[in-house]
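Here's a short tour for anyone meeting this structure for the first time. Have a look at the sequence and the fold, then read on.

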Amino acid sequence: MNFKKILFLLVTGVSITSLGIAGCAPQQQDLEAGTQPSTLTGQTETEIPATTTPTTQPQERPGDVPYVPTPQAVVDAMLKVAKVGKNDLLYDLGSGDGRIVNTAAQKFGTQGFGIDIDPQRVKEANENAQKAGVTDRVKFVQQDLFKTDFSKATVVTLYLLPEINLKLRPKLLSELKPGTRIVSHAFDMGDWKPDQTLTVEGKTIYYWVVPEKVPANLR
């Protein structure tokens, strides 16, 4: 009996040891291969999803005008002639580095919306808004201004080109509410004569107010 018990224990012990080695084998192979399944699973779970929306999109088409900043003195005069205030919503078409929108927000508490088709300009404008401490009142978006709804604006500013102004004119007059002020640096709007024209440091500024009834030749 004793011999049988000893033999049973020996056989059982060998079996248990063999099972233990068999259970370690896959982990040892993984380590030798340089892989650790549990760690890789953790990395996969913490990766940024591929569907994360970028802050800017690829530029959909070339811009309508070259980027030329409006001098600060002209910016100040444009805002002054439009009598912008804290109750206004200013849309800047082709907002560039954001100086018109940011100045209006900083000096007058105006809410502003800057539109530019160039992602680099939008990035720069947002950075300048942070520096000016006005991110709670302004927003810059990468957008085609011909596809933008202007109807909520009370003031519109622009520094484009004569042909772009003329192309925009029907859209502005059809979407903007009567009484909305429009200020353009350097270029007029053809047959739509400005309500006021002024010169600042050799630069011309044109100012209009959207009329109650738009003349047929301007539609």
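## Ground rules

Helices (H or I, at least four residues) and strands (E, at least two) are DSSP runs, numbered from the N terminus. The model is predicted, so local features need pLDDT of at least 70 and side-chain atom pairs count only at pLDDT 80 or more, while totals for chains, interfaces and linings use all residues. Residues are numbered from 1 along each chain as its sequence is written, and side-chain values use heavy atoms, with hydrogens and water left out.

## Two loop residues

Let's start with Glu201, which sits in the loop between E6 and strand E7 (203-209). Glu201 isn't a glycine, yet has a positive phi of about 50°. It is exposed, with a relative accessible area of 63% (buried is under 20%, exposed over 50%, partly exposed in between, with a 1.4 Å probe and protein chains only).

Ala186 is another non-glycine with a positive phi, here about 85°. You'll find Ala186 in the loop between strand E5 (181-185) and strand E6 (196-200), and at 27% relative accessibility it counts as partly exposed.

## Around helix H4

Which residues of helix H4 (residues 99-108) are buried? They are Ile100, Val101, Asn102, Thr103, Ala104 and Ala105. Their cover includes helix H3 (72-81), helix H5 (119-132) and strand E1 (89-93), through contacts, meaning heavy atoms within 4.5 Å. Just after H4 comes Gly109, with a positive phi of about 75°.
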